[in-house]
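Please consult the sequence and the structure together.

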There are 2 protein chains.
Amino acid sequence: MSDGTPADPSGGSCPLPLRDYPHVLLAHGGGGVLTQTLIEGLFLEAFRNPALETLHDGARLEIDGARLAVSTDSFVVRPLFFPGGDIGSLAVHGTVNDVAMCGARPVGLAAGFILEEGLPMETLSRVVVSMRDAAAEAGVPIVTGDTKVVDRGKGDGIFVNTTGIGTLLPGADVAPTRARPGDVVLINGSVAVHGIAVMSVREGLEFDTALESDSASLHDLVARIIETAAGKVHVLRDPTRGGLASALNEIATQADVGIRLDESSIPLREEVRGACEILGFDPLYVANEGKCLVIVERDAAEEVLAAMRLHPRGRESAAIGQVVDEHPQRVTLRSRIGGSRVVDMLSGEQLPRIC
Amino acid sequence: MSDGTPADPSGGSCPLPLRDYPHVLLAHGGGGVLTQTLIEGLFLEAFRNPALETLHDGARLEIDGARLAVSTDSFVVRPLFFPGGDIGSLAVHGTVNDVAMCGARPVGLAAGFILEEGLPMETLSRVVVSMRDAAAEAGVPIVTGDTKVVDRGKGDGIFVNTTGIGTLLPGADVAPTRARPGDVVLINGSVAVHGIAVMSVREGLEFDTALESDSASLHDLVARIIETAAGKVHVLRDPTRGGLASALNEIATQADVGIRLDESSIPLREEVRGACEILGFDPLYVANEGKCLVIVERDAAEEVLAAMRLHPRGRESAAIGQVVDEHPQRVTLRSRIGGSRVVDMLSGEQLPRIC
């Protein structure tokens with residue numbers, strides 16, 4: 001990994017923390033503890049500004065009176081095509097959702113492609129057509145783009161970056177710091193579907209299943225949720241890398257609250273549970289791409305849950321837990337048999353390159 | 001390059017044109033003819049919408065009354081560090097400039113990192129610090145970000161995507177289609193500096209020179225230009241990949257006009273000319289990162305040129321040609337010795353991974 005740097009006679013001192021990790025590990029991209037260390041120890045430290053500090057998955061900006069949300073995401077999923085989607089549809093859904101999770105209606109996407117020399121044009125074309133279809137279905141146009149090509153062996157077929165811009169929904173005021181004791185935690189369906197669908201086609205781990213990724217745009221569902229309860233919706237979050245457990249741990253830490261989950265209420269499709277058992281994965285840590293966590297005031301929870309269940313992407317919505325005063329910055333799970341355990345943030349890398 | 005695609009029994013038909021190129025070539029990312037083929041034959045074809053069609057380097061969007069410009073760019077420069085900059089500063093300058101070339105003041109950047117497993121944290125840290133400094137110097141905060149990690153051997157150290165959002169400057173109305181016969185073509189200094197600076201440190205091509213990349217943020221210079229002549233400024237363009245020749249060919253084609261250049265007026269530093277001769281490059285096709293082409297109405301040209309020369313990043317500004325009725329969609333060059341030749345768009349790949 002020569003980077004053209006001349007040898008540093010000082011011995012290569014790191015201008016920012018992170019000395020415990022002299023090299024980037026796959027786990028730094030896994031959505032768990034090491035990702036958080038990298039973000040907080042390096043990126044937040046260097047780029048510190050109010051917009052960056054508010055939200056992890058998107059920024060809110062006010063420009064000329066317009067209240068905007070902006071989010072960026074790079075997609076490096078392997079393989080490029082998987083049951084229920086591909087890197088193209090995922091790149092649209094992922095960023096549409098990150099913008100939506102700021103309480104915003106996405107209005108445009110920018111797309112950046114990094115292609116590897118030798119990539120079959122047919123493959124690129126299929127990915128582009130899939131992006132087109134996903135963008136059309138979501139009603140969010142791709143307004144600008146960029147393409148770079150790297151030499152053979154210096155990339156992996158296609159990487160896609162999408163950045164989304166949206167306009168905040170009237171009355172929306174969501175942020176992870178707004179979770180409050182008494183709030184109810186909702187989710188719009190079965191966890192762990194995307195991660196298991198991708199793993200099902202990974203080389204050496206194939207098994208018989210009709211499982212398809214849940215990858216989908218959720219901005220319409222989010223608009224319905226905000227219309228129903230506006231300011232009573234405190235947090236929206238799509239539990240992607242690191243799964244439900246990591247997303248809720250981040251929220252618990254940022255809001256300095258405890259979160260108590262009820263295992264028996266967490267929707268988990270039978271085939272996903274079975275696949276997780278075969279593969280040795282805890283479904284709470286497996287990535288989702290069409291799921292949305294909603295943390296809402298108790299008195300609006302029933303109404304929001306009912307609205308979600310009326311939406312095609314929320315039919316299996318459920319209340320899965322609550323925000324509590326006890327054990328701040330901790331997520332606990334009451335198991336089916338009645339015991340209670342702490343659910344930590346993902347440590348290490350469970351599923352590399354899942355999105 | 002296995003992409004997980006099952007064998008296609010139809011024989012792999014490409015749903016969109018580009019059949020002449022069954023695989024992606026380095027030249028598809030070079031900023032010349034093949035890049036244009038890819039953009040027009042695949043991306044524009046698939047994503048067709050008014051915002052995408054207006055400008056190549058950025059989109060203009062109106063959201064809630066705010067008039068915005070959005071541009072995205074991925075950076076894959078090799079090596080990561082070069083005289084006068086690195087991938088981090090380049091990623092800030094490049095996108096700040098793409099937003100500025102829409103006639104806008106950049107207000108925020110989103111940054112996406114694709115890191116290769118095993119990258120020295122020290123290298124990442126240096127790049128991040130460089131981005132921080134470039135963003136601070138430009139006065140444009142990095143408001144949101146994303147980090148992915150790919151396995152060793154599936155990337156090349158660091159790729160950076162930046163997306164910029166800006167607000168259109170009062171009175172600005174620039175677009176490549178606005179170039180009109182009679183307009184004057186200005187540039188803010190010597191061409192080919194960035195490309196030659198990067199090549200100077202590429203393995204096997206090092207030679208003695210103090211040449212540094214011209215990479216710099218130009219939004220302040222652009223603001224000065226727009227203040228001086230507002231609607232009389234018809235086109236702004238940073239001639240990056242493919243150089244001056246490719247940028248002017250794109251404009252000539254889009255506006256259906258001819259452009260006539262005067263070779264003796266084009267600023268070209270002596271050491272850059274020498275390096276181009278040694279390396280066999282035509283400086284008109286070499287990438288720039290701190291240069292801006294300005295196409296302006298004749299009666300405002302002198303005033304704009306004077307304003308540019310007063311700016312630290314425009315001291316060597318010059319009028320280098322004019323827009324003409326003759327030979328539409330062609331760029332011609334009157335040479336030092338009086339002859340005239342056609343200057344085509346870059347064909348093939350002159351300098352891979354220059355930005």
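Which side chains meet in a salt bridge at 3.9 Å, N to O, with A:Asp156 as one partner? The partners are A:Asp156 and B:Lys154, where a salt bridge is a side-chain nitrogen of Lys or Arg within 4 Å of a carboxyl oxygen of Asp or Glu. This is a predicted model, in which local features need pLDDT of at least 70 and side-chain atom pairs count only at pLDDT 80 or more, while totals for chains, interfaces and linings use all residues. Residues are numbered from 1 along each chain as its sequence is written, chains are lettered from A and ligands numbered from 1 in the order in which they are written, and side-chain values use heavy atoms, with hydrogens and water left out.

**Salt bridges between the chains**

- The pair of A:Asp156 and B:Lys154 crosses between chains, each residue lying in the loop between strand 6 and strand 7 of its own chain; helices (H or I, at least four residues) and strands (E, at least two) are DSSP runs numbered from the N terminus.
- A:Asp156 is buried at 16% relative accessible area, whereas B:Lys154 is partly exposed at 32%; buried means under 20%, exposed over 50% and partly exposed in between, with a 1.4 Å probe and protein chains only.
- B:Asp151 forms a salt bridge with A:Arg353, with 2.9 Å between the closest N and O atoms.
- Because B:Asp151 lies in the loop between strand 6 and strand 7 of chain B and A:Arg353 in the segment after strand 14 (340–342) of chain A, this pair joins two chains.
- Both B:Asp151 and A:Arg353 are buried.
- A:Arg78 also forms a salt bridge with B:Asp151, the closest N and O atoms being 3.9 Å apart.
- Through shared partners, salt bridges join A:Arg78, A:Asp156, A:Arg353, B:Asp151 and B:Lys154 into one network.

**The interface as a whole**

- Chain B and chain A bury about 8100 Å² between them, 68% of it on carbon and sulfur atoms; buried area is the accessible area (1.4 Å probe) that two parts lose on being put together, summed over both.
- The contact, meaning heavy atoms within 4.5 Å, takes 91 residues from chain B and 91 residues from chain A.
- Helix 4 of chain B supplies the largest share of the side of chain B that touches chain A, 10 residues.
- That side of chain B has 48 nonpolar, 25 polar and 18 charged residues; Ala, Val, Leu, Ile, Met, Phe, Trp, Tyr, Cys and Pro count as nonpolar, Asp, Glu, Lys and Arg as charged, and the others, Gly among them, as polar.

- A:Thr163 is found in strand 7 (residues 158–168) of chain A and is buried at 2% relative accessibility.
- The side chain of A:Thr163 makes polar contacts with the side chain of A:Thr72 (2.8 Å) and with that of B:Thr163 (2.8 Å).
- Beyond neighbours within four places in sequence, A:Thr163 is in contact with residues including A:Val70, A:Gly108, B:Ala110 and B:Asn161.

- A:Lys148 and A:Asp146 meet through their side chains in a salt bridge (2.9 Å, N to O).
- A:Lys148 is buried at 2% relative accessibility, and A:Asp146 is buried at 8%.
- A:Ser215 lies in the loop between helix 5 (193–199) and helix 6 (219–229) of chain A, and is buried at 9% relative accessible area.
- The side chain of A:Ser215 makes a polar contact with the side chain of A:His93 (2.7 Å).

**Cysteines**

- The count comes to zero disulfides over all chains, a disulfide being a pair of cysteine sulfur atoms within 2.5 Å.
- B:Cys355 is in no disulfide, the nearest cysteine sulfur, that of B:Cys102, being 16 Å away.

Methods:
Polar contact = N/O pair within 3.5 Å; in protein donor to acceptor, adjacent residues only side chain to side chain.
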